[in-house]
Amino acid sequence: MKERASGSRRLPVSAWAFDSALALVAASLPMAFFASMPVPSGVPVGVVALGYALVLLHTLPLVARRRFPGAVLALCVASGLAFAALFMPPFFLGPALLVAVYSVAAYGSRWVSLAGLVVAEVGSVANQLTPGRFQAPTVISNALLIAAVWLLGHFVGVRRVYVGQLEERTAELEQAREELARRAVTEERLRLARELHDVVAHAMSVIAVQSGVGAHIANTQPEEAAKALVAIEATSRGALEELRRLLGVLRQEHEPQGDLAPVPGLADLDSLLAEVSKAGLAVKLRVNGTRPPVPAGVDLSAYRIVQEALTNVVKHAGPAHAQVTIGYRDQDVTVEVTDDGQGAVTSGSDGQAGSGHGLIGMRERVAAFGGELEVGPRPGGGFRVAARLPLAAEQP
């Protein structure tokens with residue numbers, strides 16, 4: 001059984017406008033019919049005026065039928081009985097009563113809806129029991145008509161509540177999905193920050209060693225000391241470039257500090273592909289061009305993109321073959337991972353990374369270096385991940 005609180009929500013303007021027009025139509029038709037009827041002789045003018053007032057009381061409250069369905073039905077029944085008690089024909093008030101019955105079933109709570117059905121049925125029978133009006137077929141047909149209208153309103157109300165619950169659930173799921181996406185972006189940025197920190201820490205350790213060597217041999221071997229200074233300059237410039245990318249990326253507290261061990265790069269792809277092959281994925285590596293000096297951050301991010309792309313192939317593509325292509329050029333490094341599997345990977349229609357956590361991580365890594373990322377299905381089946389990472393920092 002349904003539970004509804006119709007008065008707890010603000011109704012849209014369109015609903016108020018519709019109900020207002022419905023109430024005006026429901027009032028104007030009985031008023032016109034009542035005015036066209038000849039007044040029986042001997043009926044006081046006050047009684048006729050009271051009849052007009054009862055017609056308005058019977059119909060105009062339909063404006064509030066959604067917010068106060070029980071009260072509206074009670075007014076309809078009471079005014080209809082009062083109209084019948086004046087020995088006036090109440091049959092033209094029936095449509096407004098049916099609208100009230102429908103409304104109490106569609107918008108009333110469980111007990112208000114059931115009580116409204118009982119009140120409407122009792123009121124209909126009481127109206128037929130007035131002197132000169134009782135007809136058994138009419139009583140039965142009116143009772144069945146009221147029950148049918150109530151059932152219609154009940155089913156519409158159940159459907160409306162169900163649709164409302166679905167909309168709320170959809171909104172909650174969408175909010176949860178957005179929250180998961182934001183969390184994935186945050187976690188990936190933190191991971192990227194930690195890895196960049198490790199790159200810079202490694203550079204600082206090299207600078208410390210070279211400066212110590214230079215200071216030790218400055219007097220005895222000036223040429224070797226000059227080489228140490230050149231190495232320090234190149235390393236420090238690279239470290240400063242990585243630090244510039246690190247700005248704005250926060251690191252979580254209470255996490256272990258990165259050590260000074262070298263981080264993986266494109267030179268370590270052979271071992272990565274060997275691990276992937278053990279997982280059952282046949283993968284080939286192709287390298288185009290001659291490797292130029294590659295900044296450690298770019299090298300690491302390219303490696304991670306390949307790693308994540310191959311992981312997605314293993315998870316989603318099913319039995320497949322993969323191809324990893326690394327392209328070295330003067331200004332950038334390109335990475336392309338393709339497969340011929342049939343699995344689905346979430347992606348945006350514009351060729352950008354979609355809502356999957358791995359694809360979000362790729363997008364964040366490429367954006368950190370001002371590069372480009374293309375993700376999407378291949379014609380004829382399979383999937384393609386392509387990234388371009390500039391070797392020099394691109395200013396925003």
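Leucine 24 is a residue of helix 1, which covers residues 13-36. In this predicted model, leucine 24 has a relative accessible area of 56% and is therefore classed as exposed, the cut-off being over 50%. Together with Leu56 and Leu60, Leu24 makes a nonpolar surface patch of about 250 Å².

**Glycine 80 in helix 3**

Helix 3 spans residues 69-85 and contains glycine 80. The relative accessible area of glycine 80 is 12%, so this residue counts as buried, a class that requires a value under 20%. Between the C-alpha atoms of glycine 80 and leucine 97 the separation is 8.4 Å, and the two residues lie 17 residues apart along the chain.

Five strands form an open sheet with mixed pairing, arranged in the order 1-2-3-5-4.

Strand 3 (residues 332-339) is paired with strand 5 (residues 383-390) in the antiparallel sense, over eight bridges. Threonine 338 has arginine 384, in strand 5, as its bridge partner.

**Helices across the sheet**

Two helices that lie across strands of the sheet are described here. Helix 8 (residues 269-278) lies across strand 1 and strand 2 (321-328), and runs at about 160° to strand 1. Helix 9 (residues 296-316) lies across strand 1, strand 2, strand 3 and strand 5, with a direction at about 175° to strand 5.

Conventions:
Residues numbered from 1 in each chain as written. Predicted model: local features only at pLDDT ≥ 70, side-chain atom pairs only at ≥ 80, totals over all residues. Heavy atoms only, no water. Helix = DSSP H or I, 4+ residues; strand = E, 2+ residues; numbered from the N terminus. Buried < 20%, exposed > 50% of the residue type's maximum accessible area, 1.4 Å probe, protein only. Patch = residues over 30% accessible without salt bridge, like charges linked within 9 Å, V, L, I, M, F, W, Y side chains within 5 Å. Areas by Shrake-Rupley, 256 points an atom, 1.4 Å probe, with all protein chains shown as cover. Salt bridge = Lys/Arg side-chain N within 4 Å of Asp/Glu carboxyl O. Pairing = 2+ DSSP bridges. Contact = heavy atoms within 4.5 Å. Axes fitted to C-alpha atoms, helices over the stretch in contact; angles between N-to-C directions.
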